[in-house]
Amino acid sequence: MQGINLDFSKQYLQATLIVSLLSVWVLVGLFYYLNRYTKRDYFTVWTAAWLFYALWLTLSLTVQQVASAEILFILKQWCVCISAVFLLWGSLRFLDLPVRQTMFGLFMAFLMVWTFISPQVFPDNSLQCQLPVFILIGLGSMFAGVCFHRLRKRMPYVGSGMLSTGFFLWGLYLVSYPF
């Protein structure tokens with residue numbers, strides 16, 4: 001009896017990254033349009049989050065495997081960190097929760113220092129370097145999904161259920177990405 005083989009070739013992974021990058025650019029365009037149409041600042045913050053995620057995908061397309069101590073690995077981790085912070089910040093702005101900008105700046109600085117120092121702390125294990133960052137961005141995405149779900153309960157906006165499901169499932173994917 002044969003098990004499931006999850007070993008994908010490099011061509012399949014490249015195609016998947018390209019499709020993901022195109023999807024992210026659609027989201028960037030959508031959030032840019034929504035920001036221009038509604039003049040809500042959380043769409044600007046979410047647009048920034050998706051732009052940094054697109055940069056991470058672009059770096060992943062250009063260089064497949066890098067050691068955790070290399071500068072490209074750190075740059076990729078910084079893109080994910082900044083994307084996570086902007087995603088969380090946009091969700092909090094969406095909920096009208098008062099949050100100071102300096103708190104997010106300090107949080108972003110902490111994450112950038114962590115991604116710079118973690119390869120020295122865990123030199124042979126990139127999983128331990130990546131896991132906290134991807135858990136953070138995954139939880140930020142799931143939080144955005146919960147925000148849209150709450151909005152769907154209060155006001156019957158078209159598409160808020162779809163956005164809620166999409167953000168939540170994307171968050172589950174991101175939490176499991178390093179594995």
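Where is Lys39 found? I located Lys39 in the loop between α1 (10–38) and α2 (41–62). Helices here are DSSP runs of H or I with at least four residues, numbered from the N terminus.

**Ground rules.** I noted that this is a predicted model, where local features need pLDDT of at least 70, side-chain atom pairs count only at pLDDT 80 or more, and totals for chains, interfaces and linings use all residues. Residues are numbered from 1 along each chain as its sequence is written, and side-chain values use heavy atoms, with hydrogens and water left out.

**Lys39 again.** I looked up its backbone angle: phi of Lys39 is near 60 degrees, a positive value in a residue other than glycine. Most residues other than glycine have a negative phi. Lys39 is also exposed, at a relative accessible area of 65%. My cut-offs are under 20% relative accessible area for buried, over 50% for exposed, and partly exposed in between (1.4 Å probe, protein chains only).

**Helix α4.** I followed α4 through residues 101–121, which makes 21 residues. From first C-alpha to last it reaches 30 Å, close to the 30 Å expected at 1.5 Å a residue; that expected span is 1.5 Å times one less than the number of residues. I found a bend of about 25 degrees at Thr115, with Pro119 following within four residues. The bend is the angle between axes fitted to the seven residues ending there and the seven starting there. Among the buried residues of α4 are Phe104, Met108 and Leu111.

**Aromatic rings.** I counted 11 aromatic pairs. Rings of Phe, Tyr and Trp (its six-membered ring) pair if their centres lie within 6.5 Å; planes under 30 degrees apart are stacked, over 60 edge-to-face, and the rest tilted. Tyr33 and Tyr37 are a stacked pair, 5.9 Å centre to centre with 10 degrees between the planes. They sit about one helical turn apart because they are four residues apart in helix α1. I also saw ring pairs linking Phe31, Tyr42, Phe43 and Trp46 into a cluster.

**Salt bridge.** How many salt bridges are there? I got one, using a side-chain nitrogen of Lys or Arg within 4 Å of a carboxyl oxygen of Asp or Glu. Asp41 and Arg93 form a salt bridge at 2.0 Å, N to O. This pair links distant parts of the chain, with Asp41 in helix α2 and Arg93 in helix α3 (residues 71–94), 52 residues apart. Asp41 is partly exposed at 35%, and Arg93 is partly exposed at 29%.

Key:
Helix = DSSP H or I, 4+ residues; strand = E, 2+ residues; numbered from the N terminus.
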